[in-house]
Amino acid sequence: MSGRSTRYAPDPILDPSTGTVVAGAGNAADRDGARFGARLALARNVGGVGPVVAAFIAFVAIWKIAIAVGDLKPFVLPSPEAVAARFIGAWADGTMAPHAWTTVVEVLLGFAAGASAGLAVGWLLARSRLIERLASPYLVAAQAVPILALAPLLALWFGPGLLAKVIICALIVFFPVAIATMVGIRSVDRRLLELAASLRATRRQVLTSIEIPAALPAILGGLRVGVTLAVVGAIVGEWAGADKGLGVLVNLARGSLFDYPLMFATLVTIALLGIACYSLVVLAERRLVGVR
Amino acid sequence: MSGRPPIPDQAGSRPGRLVAEDLRVAFRPPSRGATPTVALDGLSLDVAGGEIVALIGPNGCGKSTFLRVAAGLLAAERGRITLDGRPITAPDDRIGLVFQEPRLLPWRTAARNITYPLELAGWSPERRAVRLAEMLHIVGLEAAAELRPVQMSGGMQQRASIARALALSPAVLLLDEPFSSLDALTRERFNLELLRLQERTATTIVIVTHSIPEAILVADRVIVMSPRPGRVAAEVRIDAPRPRSVEMLDEALVSRAAADIRAHLEIPEHVA
């Protein structure tokens, strides 16, 4: 046996992300992740800082070249330094923070609600072909209707407050999580289920000791997709009617204040929020998969 | 049972007596109108407490099906199977089952795989730890307790799965070609270890195998099964004392038993 150089199956699912985030650094360190999950995650990121910085510099350079070559006016594409200055300024003078906070709350609540519902429904769908047959047309239909079209309606029903945004977020998160959970639980090795049956495991024990651990990589994949969609959902919800939030600030900066650097700074904030949420899920994934 | 003389000096006296009476198992046909596959038909078998019986037979003769019925995972269409007089209708913690492949939970360490049945049975962590130490010692996995299945060799994995099957101290251990993926030398060592283990635990053992040498080495009795539908075609006693070792088995006895088994295995296919 090559001993510690191999590891259980979740890796193919985990690796693409680590590949994109840290360009494959610190793979060897990953293996004994059990107890050192979080520390190792840091170590990997440190190992990957070089390429990340290089990529960022290249990004900014292309931005500047595009402005120079295309002779783009600041209201079409402001310069990176203008956006950076406005970004810092907006956070320093308290313009950004209240909007960002509103959006964060919407995203977190919406994600939590949508993911919980997705897990529960995904499990039900996996358990019963009948339920799947009866419910999936509605689920697919709900997913196929553009959330952009649904948002004004939900705003009308649930008012301009937090609730409508949380529902929009939850709706958009629900589908990928439900499908990932269903597929994950369906793909559990039947031989392990037979083992559990031979050991007289109860329905609940099968769920906690076999189905959840076996489906976890797939479920976490669904959560990764879901959490980035949650940010989209919050912004769309805010566009449909709100008085606060990053989506509102984008509209405000563009339509009323004509402050294009602020608009771009807000977009940067939204992107950072998405990256932060995604990283949290990846971190949770390392923890869970490590502990297994 | 069924006209066979009882096993001398043991029958009924020691716990772990497994009796199958006239078992029939048929699998539903894949399509309507097709005839069902009859895996077992009229299989009767009486295994005394503490006895080691090897089941041998051609592929598809229902050996594994029999083990699944005995483990309570599969219901017989007709006939019944009892352990110490009590019918087996569902999985039972007096019966330990070892599958052909180790079937460990890949996300658990060897230790947590071995204690898995204890967890399911609601043992406290303290009791589990005590039992784990015993089991690790018995199967010689003390050094590998914290390894995950992928970090273990095939032999280590199968040791862990045997320890898991024995964790609840079953009266009967059922093994479904447990060593078929091991090389010949390792396999022989595992067979001898299984015998030593059996001496310590006095467990009744039913082992399904494809290997005539393996059957002769471990078993008190070799049951030769007919091609599908499976029933007992013949039984061959291995009159060698236990504890056994490879050297002890005298060649004449082995070749006679092997010839006997082979003769019964070579039932022409068209009979079925």
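Colleague: Why is A:Ala112 called partly exposed?
Modeller: A:Ala112 has 15 other C-beta atoms within 10 Å. A residue is buried with 20 or more other C-beta atoms within 10 Å of its own, exposed with 12 or fewer, and partly exposed in between (C-beta atoms are placed from the backbone). The count of 15 lies in between, so A:Ala112 is partly exposed. Keep in mind that this is a predicted model: local features need pLDDT of at least 70, side-chain atom pairs count only at pLDDT 80 or more, and totals for chains, interfaces and linings use all residues. Residues are numbered from 1 along each chain as its sequence is written, while chains are lettered from A and ligands numbered from 1 in the order in which they are written.

Colleague: Where is A:Ala112 found?
Modeller: A:Ala112 sits in helix α6 of chain A. Helices (H or I, at least four residues) and strands (E, at least two) are DSSP runs, numbered from the N terminus. Helix α6(A) covers residues 96-127.

Colleague: Is the crossing of α6(A) and α9(A) left-handed or right-handed, and how do you know?
Modeller: The axes of α6(A) and α9(A) come within 5 Å and cross at roughly 35°. Axes are lines fitted to C-alpha atoms, for helices over the stretch in contact, with angles from 0 to 180 degrees between N-to-C directions. A crossing is left-handed if the near helix is turned anticlockwise from the far one by less than a right angle, and right-handed if clockwise. Here, the crossing is right-handed.

Colleague: What makes β4 and β5 of chain B a pair?
Modeller: Two strands pair if DSSP finds at least two bridges between them. Strands β4(B) and β5(B) have two bridges, so they pair, in the antiparallel sense. In β5(B), B:Pro87 is the bridge partner of B:Thr82. Both strands belong to an open sheet of four, ordered β2-β1-β4-β5.

Colleague: What puts β6 and β10 of chain B at the edges of their sheet?
Modeller: Their sheet has six strands in the order β6-β7-β8-β3-β9-β10, with mixed pairing. Each of β6(B) and β10(B) has a single partner strand, so one side of each lacks a neighbour in the sheet. For β10(B), that partner is β9(B), joined to it by five bridges.
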